[in-house]
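Notebook open, viewer open. I'm jotting down what I look up as I go.

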Amino acid sequence: KLNSAGAIQWVFNATGVSGWNWGWYYGDFAVDEVSGTSYLVGGFNTINIFKVNTLGIQTGTLPGSANMNEMWRAEYNRCINKIVIAGGGTSSVFQAAMLDTNMINLTPVNVLSASQSFLDMTLLAIDNNSNFCYMASTKPISGPTVYDNRIIKCPIPNLLPLTFSVPNGHR
């Protein structure tokens, strides 16, 4: 953690932490700007989520969910006090999730209303003024689908129904 002058305040060292394995793909982290609490999510096949306090001490962990085996982006939403996670890529049809800050409930959501698996949401932005989030999907390795390269707008907290979906023309 850096202070406003850019000086290091603390470093969270995951070495030796049980269940921590970023592998080759990092996920993301979200910060509650009021409490200073950080939430770290795993990227590829690392379904771990860690809660770290303002001193850099791990205060919670959640093994994640087999329905959300990839977590690429995370943002804290101060309006509902939850973490919005964009990801997917697993053998289930979910591409996003809501996580409570107590690290108890991770609720996967099929934001694309997809009927197939292995779809990823790799970009995430939250507009706290309107309480909507925006996500972008990518093309799976397995080949093109009707869900590829879409920009979507979802209401928070439920992320459904899909408000709009715009194909960006890239394949």
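Where does Ile-57 sit? I found Ile-57 in the loop between strand 3 and strand 4. Strands here are DSSP runs of E with at least two residues, and helices are runs of H or I with at least four residues, all numbered from the N terminus.

Ground rules before I go on. I'm looking at a predicted model, where local features need pLDDT of at least 70, side-chain atom pairs count only at pLDDT 80 or more, and totals for chains, interfaces and linings use all residues. Residues are numbered from 1 along each chain as its sequence is written, and side-chain values use heavy atoms, with hydrogens and water left out.

**Entry: Ile-57, continued**

I checked the cover on Ile-57 and got partly exposed, with a relative accessible area of 45%. For that scale, buried is under 20% relative accessible area, exposed is over 50%, and partly exposed is in between, with a 1.4 Å probe and protein chains only. Leaving out residues up to four places away in sequence, I see Ile-57 touching Lys-51 and Val-52; a contact is heavy atoms within 4.5 Å. I also looked at Asn-13, which is 44 residues from Ile-57 along the chain, and the C-alpha atoms of the two are separated by 9.2 Å.

**Entry: the hairpin around that loop**

Strand 3 and strand 4 make a hairpin with 5 residues between them. In the turn, Gly-56 has a positive phi of about 85°. I count strands as paired if DSSP finds at least two bridges between them. Strand 3 (residues 49-52) and strand 4 run antiparallel and are joined by 4 bridges. Which residue of strand 4 is the bridge partner of Lys-51? I get Gly-60, and for Phe-50 the partner in strand 4 is Thr-61.

Strand 6 (residues 82-87) and strand 7 (residues 96-100) run antiparallel, with 5 bridges joining them. I clicked on Ile-85 and found Ala-97 of strand 7 opposite.

Met-103, in the loop between strand 7 and strand 8, has a positive phi near 65°. Is Met-103 buried or exposed? It is buried, with a relative accessible area of 7%.

Phe-118 is not a glycine either, and its phi is positive at about 60°. I place Phe-118 in the loop between strand 8 and strand 9 (121-127), and it comes out partly exposed at 44% relative accessible area.

Pro-157 lies in the loop between strand 11 (150-155) and strand 12 (164-167).

**Entry: rings**

I searched the whole structure for aromatic pairs and got 0. The search pairs rings of Phe, Tyr and Trp (its six-membered ring) with centres within 6.5 Å; planes under 30 degrees apart are stacked, over 60 edge-to-face, the rest tilted. I did find the charged end of Lys-153 over the ring of Phe-132, 4.3 Å from its centre. That call needs NZ of Lys or CZ of Arg within 6 Å of the ring centre and within 35 degrees of the ring normal.

**Entry: whole protein**

I end up with 0 helices and 12 strands. Of the 171 residues, 49% are buried. Taking contacts between residues at least 6 apart in sequence, 44% join residues at least 24 apart. The protein exposes about 8,800 Å², with carbon and sulfur atoms supplying 56% of it; areas are from the Shrake-Rupley method with a 1.4 Å probe, and for residues only the protein chains shown count as cover.
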